[in-house]
Amino acid sequence: MNYISTRDNKVKVSAAKAISLGISADGGLFLPESIPTLSEEDFENLKVSDYKGRAKIVLSKFLTDFTAEEIDACVEGAYTGSFEDESPAPISILGPDISVLELWHGPTCAFKDLALQLLPYLLTTSSKKVSAGKTVILVATSGDTGKAALEGFRDVPNTDIIVFYPSEGVSSMQKLQMDTQEGENVCVCAIKGNFDDAQSRVKEIFTDAEMNAKLAAAGYNFSSANSINWGRLVPQIVYYVSAYCDMLADGNNNNNEFNVVVPTGNFGNILAAYYAKEMGVPIKKLICASNANNVLTDFINTGVYDRNRDFYTTISPSMDILISSNLERMLYMLSGGNDKQVADWQASLKAEGKFAVSDEVKAKIAELFWGGCCNDEQTLETIKDVYDKYGYLMDTHTAVAFSVYKQYRDTYGDTTPVLIASTASPYKFANSVLAAFDAEIPADDFAKNDALSVLTATDIPAPIEALKGKTRRFGEVIDRDEMKAAICKYLGI
C-alpha cells in the first residue's frame with residue numbers, strides 16, 4: 001500500500017517512509033491511497049481476539065511493508081505490561097444505550113497512550129527499513145500528547161524527543177507530568193502563547209530547508225509524534241474496531257449501528273473513528289464535541305473554517321485548539337482526492353485564517369458528522385449530573401462529549417446506542433472536577449487528588465500517585481520564535 005500527500009498525490013511513499021518522515025516535504029499529511037476493508041472472516045477473528053490480536057490484524061491492513069513478525073514485535077512491545085489489567089481500552093456501560101470507551105488506563109492516564117506506546121516501535125522499525133539515521137521527534141502539545149510521547153520515546157535508541165507546550169495552556173498536573181519526565185534523550189520547553197502557536201511553528205520547522213540541511217549534516221532527521229504522523233493515527237483506529245468487537249462479543253448483532261461521540265481538538269481521534277467506519281465498523285453518526293473553541297462545530301454546520309476568532313483557555317485544555325491539523329486528511333477524502341483544492345484551502349487558512357468548502361463537500365460532512373459545543377459551566381454541570389445519575393466520574397474533556405451528546409439526542413430524538421470516547425482520567429484535572437461538586441479545593445495538587453478520591457470513592461491512578469516527590473527537570477519558558485534555536489541548542493548543532 002502506498003501513502004500519498006494530501007497536497008500532492010503524485011508523492012507516493014511506503015508506510016515505513018511515511019512514518020519515518022512524519023510529514024510530506026510539501027507540508028501535506030500522508031494517508032493511504034485507499035482504506036482497506038475488514039471482511040466477515042476478519043470480524044470473526046477480531047471478535048475472539050484480545051486487544052493485541054486485534055491490533056495486529058488492523059495494522060497488517062495498513063502497514064503492508066511490515067512483516068508479520070515485525071508487526072507482532074511492535075504490538076507485543078507496546079501493549080505488554082503498559083496498561084492496567086492488560087486491557088488498554090475497556091468499555092464501561094452506563095445504561096442500555098450508553099457506553100463509555102475508556103482510553104486512559106495507560107502510563108500517562110490519557111488516550112494518547114494507546115498510540116504513543118506503539119509509535120516508538122513503529123518508528124524504530126520504519127527507520128531501519130529506510131535507513132533514516134538518528135531521529136529527532138518534534139512535538140507540540142496541548143497537554144496529553146507531550147507526556148505520552150515523552151514516556152513512549154524515553155531512552156529509545158537513536159532517538160531524541162523535544163516537546164513544546166503552552167506555558168499557561170495545560171493543567172498543573174499535565175505540566176508536572178512533563179516537567180518531571182525522566183530519560184536521557186528528552187527535552188521539554190514551555191512557550192509563551194497557545195497550542196496553535198506551538199503547532200504552527202513545529203510544522204514550519206519541519207519544512208524549513210535550512211534547518212533540515214543542518215540536521216542532515218549532523219546525521220539527524222525530523223519526525224513527529226503528533227497525529228500529523230500516520231504512525232500515530234493508525235493505532236487509534238484499532239480501539240474503535242476493538243470496541244465494536246467487544247460489543248459483538250456481548251451478543252450484539254453484526255449490523256447494529258451505533259453513534260460515536262469524541263471530544264475533539266486536532267480532529268485526529270474522531271478521524272480514526274471515521275477510518276474505522278470506512279473499514280466496515282457500522283458507525284452511524286460521528287458526533288464532534290468541542291468546548292468554547294468551537295471552530296469545528298461552526299465548520300461542520302456552515303462549511304466555513306474560520307480561525308479568526310477569540311481563543312479561550314478552558315477547563316478542557318487539550319481541546320483548546322483553533323487549527324485542527326487532521327481535518328486536512330478528511331478534506332482530501334471528501335473532495336475525492338483533489339490535492340490541488342486541499343492545498344489551496346490550506347494556503348488560504350495560513351494567509352487569511354479561513355476557507356470555505358464546496359456545497360458538495362459540505363453535504364458529505366453533514367451526512368457523516370454532527371457538531372456541537374459547550375462552555376465550562378455546562379462541562380461542570382455535566383460532570384456532576386453524570387456522577388449523580390450513574391455514579392460515574394469523568395474528566396472535563398469526556399464531560400464535553402457527554403454534554404454535546406445530550407444536545408444531539410435532545411435535538412433529534414436519536415436513541416441509537418452511543419459510544420462516548422473518554423480521553424483522560426479525571427485526576428489529571430482534579431481542580432476542575434472538584435469544582436463541579438462545589439467542594440473545597442486544597443491548594444496542593446496531590447491534596448486535590450486525595451480530596452477527589454474521598455469525595456467520589458474512586459481510586460487515584462498509580463501513574464498520578466507516582467508523581468509525588470518527583471523533581472522538576474524542566475521549566476524554561478521561551479517565545480515562539482525561539483523554538484528553532486532551542487532545538488539547535490539541545491542537539492548541539
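Is Y240 buried or exposed? With a relative accessible area of 2%, Y240 is buried. This value, like the others in this report, comes from a predicted model.

## Aromatic rings

Y239 is buried, because its relative accessibility is 0% and the limit for buried is under 20%. The count of aromatic pairs in the model comes to 21. A pair of rings is described by two values, the distance of the centres and the angle of the planes.

W345 and F355 make up another of these pairs, and this one is stacked: the centres are 5.9 Å apart, with 25° between the planes. W345 belongs to helix α15 (residues 339-352) and F355 to strand β13 (residues 354-356), so the pair ties together parts that are 10 residues apart in sequence. W345 counts as buried at 6% relative accessibility, and F355 is buried with a relative accessible area of 6%.

The two pairs are set out below.

| Pair | Class | Centre to centre | Angle between planes |
|---|---|---|---|
| W345 and F355 | stacked | 5.9 Å | 25° |

Aromatic residues also occur as a group: Y3, F62, W230, Y274 and Y275 form one aromatic cluster. A ring can also face a charge. The charged end of K129 sits over the ring of F66, at 5.4 Å from the ring's centre.

## The largest pocket

Which residues lie nearest the centre of the largest pocket? They are R7, S200, K203, Q346 and K350, out of a lining of 19 residues. The space in this pocket is about 460 Å³. Helices α9 (195-206) and α15 each give at least two residues to the lining. The largest share, six residues, comes from α15. By class, the lining of the largest pocket has five nonpolar, seven polar and seven charged residues.

## Cavities

The model has four cavities of 30 Å³ or more. The largest cavity has a volume of about 240 Å³. Its lining consists of 25 residues, and F111, K112, G265, N266 and S318 lie nearest the centre. At least two lining residues come from each of α7 (144-153), α11 (230-249) and α12 (268-279). The lining of the largest cavity divides into 14 polar, eight nonpolar and three charged residues.

The second largest cavity has a volume of about 60 Å³. Among the residues that line this cavity are K203, Q346 and F355. K203 and Q346 were named above for the largest pocket, where they lie nearest the centre along with R7, S200 and K350. F355 was named above as the partner of W345 in a stacked pair. Helices α14 and α15 each supply at least two residues of the lining of the second largest cavity. Its lining has five nonpolar, three polar and two charged residues.

## Helix α13

Helix α13 covers residues 295-302, and its buried residues are V295, L296, T297, F299 and I300. What do these buried residues pack against? They pack against the strands β11 (283-290), β12 (304-306), β13 and β14 (369-373), and against the helices α14 (327-334) and α16 (359-368). Just after α13, G303 takes a positive phi of about 80°.

## Loops

Most residues other than glycine have a negative phi. D438 is not a glycine, yet it has a positive phi of about 55°. D438 lies in the loop between α19 (430-436) and α20 (445-456). At 74% relative accessibility, D438 counts as exposed, because the limit for exposed is over 50%.

A457 also has a positive phi of about 55° although it is not a glycine. The residue is found in the loop between α20 and α21 (462-465). A457 is exposed, with a relative accessible area of 71%.

Where is G391 placed? G391 is in the loop between α17 (376-390) and α18 (396-412). G391 is exposed, with a relative accessible area of 55%. Along the chain, G391 and K428 are 37 residues apart, and their C-alpha atoms are separated by 19 Å.

Technical notes: Residues are numbered from 1 along each chain as its sequence is written. This is a predicted model: local features need pLDDT of at least 70, side-chain atom pairs count only at pLDDT 80 or more; totals for chains, interfaces and linings use all residues. Side-chain values use heavy atoms; hydrogens and water are left out. Helices (H or I, at least four residues) and strands (E, at least two) are DSSP runs, numbered from the N terminus. Buried means under 20% relative accessible area, exposed over 50%, partly exposed in between (1.4 Å probe, protein chains only). Rings of Phe, Tyr and Trp (its six-membered ring) pair if their centres lie within 6.5 Å; planes under 30 degrees apart count as stacked, over 60 as edge-to-face and the rest as tilted. A charge sits over a ring if NZ of Lys or CZ of Arg is within 6 Å of the ring centre and within 35 degrees of the ring normal. On a 1 Å grid over the protein atoms alone, a cavity is a set of points where a 1.4 Å probe fits but cannot get out, and a pocket is an open set with protein on both sides within 12 Å along at least five of seven lines; lining residues have an atom within 4 Å of a point. Grid points are joined across faces, edges and corners, and a volume is the space filled by probe spheres set on the points. Ala, Val, Leu, Ile, Met, Phe, Trp, Tyr, Cys and Pro count as nonpolar, Asp, Glu, Lys and Arg as charged, and the others, Gly among them, as polar. Contact means heavy atoms within 4.5 Å.
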